Amino acid sequence: MEQGHHVWREKPKVTLKDVARSAGVSESLASFVLNGSKSGTRVSADTRALVITTAMDLGYRPNANARTLNTGKTNRIGFYSGRSKLDSRNCFYAEILGGMFESCNAHRLNTVVHSSGDRQDLLLDLLADRSIDGLVVFATQNDPILPLLDEMCVPAISVADKVEGLPCVRVDDREGGFLQAKHLHARGHRNVLIKQSSTYPTSSVERIESFIEKASDLGMRTTVRVESDTHPIGLDDIDLHLITKGEDRVTAVVGWNDITAIRVCHVLSQNGLRIPEDVAVVGFDCFEQFIIPKYWLTTIRAPWSEVGKLAVESLIRLINNKSVPFVQTVPVSLRHGDTT
């Protein structure tokens, strides 16, 4: 194994003047080709190819600040999560960001990712300095960043949860709740326990309200229990009592997302209850698993990567002063797994 230390040494930077001299063109023409400067210069295809090839051979990198001044754009968009710190194990962020990256690559855009925490001033610096052209937001209505976006004239799109004043790209939470209720009713369940998030995101509230509405139409009973904000273990003692109390017991549990549903499955298994013979479990998200899961959930397939892609497409339209629908809803579907 090699020992010692590595020291980075900065190499002399290749300038625009170097490229122009080597290509045999004026510096203003080289700037027009490489930085998009607004000079009104007409350039032949051969000359443009020569300048670009020369720049690549010399290792020239356009000055981002100069390009911004010339075009008025940074070619960078941001993603801000005010909900929680970004966790590489969180499938929701992986899907949203994956869709965003794919769309950004197609449009030759860079992405800046910022999560909540004590350093919101770093995001404010980016916005104030016009270091990004627009922002995709996943936040609650009371996030302190939101009122500043309009003040700073920053185009923004919210994802997953509707935020007052911002266009939103979301999945069809209402249809997801309907599909969950119809499926459980068809499987013979009449008494259902619903586990709700302690933070009450608008998406979760809507999907659960629609479940209850459809369940009521079908003659099903529902009980909503909020998971602990400090120890989200899936089911607590009260929940287990509802599931095991006798003939009128709960026979199915609906998690507001897949993570909660998986936790429910683990608690049921630990207490000797069979899935789905004793208790059925339904989730919401349908994240792809890179390892074989212990429980192949029945869940709502919510295409979050498509939400990420559509959010970028919509943000680009806003940046270019074009209109977008105030709410864009991506369809969902039911995946029948082994837990119902």
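A: Let us begin with V171, whose bridge partner in strand β11 is V330. This is a predicted model, in which local features need pLDDT of at least 70 and side-chain atom pairs count only at pLDDT 80 or more, while totals for chains, interfaces and linings use all residues. Residues are numbered from 1 along each chain as its sequence is written, and side-chain values use heavy atoms, with hydrogens and water left out.

V171 belongs to strand β5 (residues 168–171), where C168 and R170 point one way and V169 and V171 the other, and all are buried (under 20% relative accessible area, with exposed meaning over 50% and partly exposed in between, for a 1.4 Å probe and protein chains only). In a regular strand, side chains alternate between the two faces of the sheet. Strands and helices here are DSSP runs numbered from the N terminus, a strand being E with at least two residues and a helix H or I with at least four.

On one side of the pairing, 4 bridges join β5 to strand β11 (residues 327–330), and these two strands run parallel. Strand β4 (residues 156–159) also pairs with β5 in the parallel sense, over 2 bridges, and here V159 has V169 of β5 as its bridge partner. Two strands are said to pair if DSSP finds at least two bridges between them.

Side chains of opposite charge can pair when their charged atoms come close.

D18 and R21 meet in a salt bridge, 3.4 Å from N to O, and because they lie 3 residues apart in helix α1 (residues 16–23), about one helical turn separates them. D18 is partly exposed at 28% relative accessibility, whereas R21 is exposed, with 58%.

K309 forms a salt bridge with E102, and their closest N and O atoms are 3.3 Å apart. This pair links distant parts of the chain, with K309 in helix α12 (residues 304–319) and E102 in helix α5 (residues 91–106), 207 residues apart. Both K309, at 22%, and E102, at 46%, count as partly exposed.

In another salt bridge, the side chains of D278 and R274 meet at 3.0 Å, N to O. Here D278 is buried, with a relative accessible area of 17%, while R274 is partly exposed, with 48%.

As a last stop, consider helix α11 (residues 258–270), whose buried residues are D258, T260, A261, V264, C265, V267 and L268. What covers them includes β6 (191–196), α10 (237–244), β8 (252–255), β9 (280–285) and β10 (298–301), where contact means heavy atoms within 4.5 Å. The 13 residues of α11 should span 18 Å at 1.5 Å a residue, and the end C-alpha atoms are 18 Å apart, which agrees; the expected span is 1.5 Å times one less than the number of residues.

Technical notes
A salt bridge is a side-chain nitrogen of Lys or Arg within 4 Å of a carboxyl oxygen of Asp or Glu.
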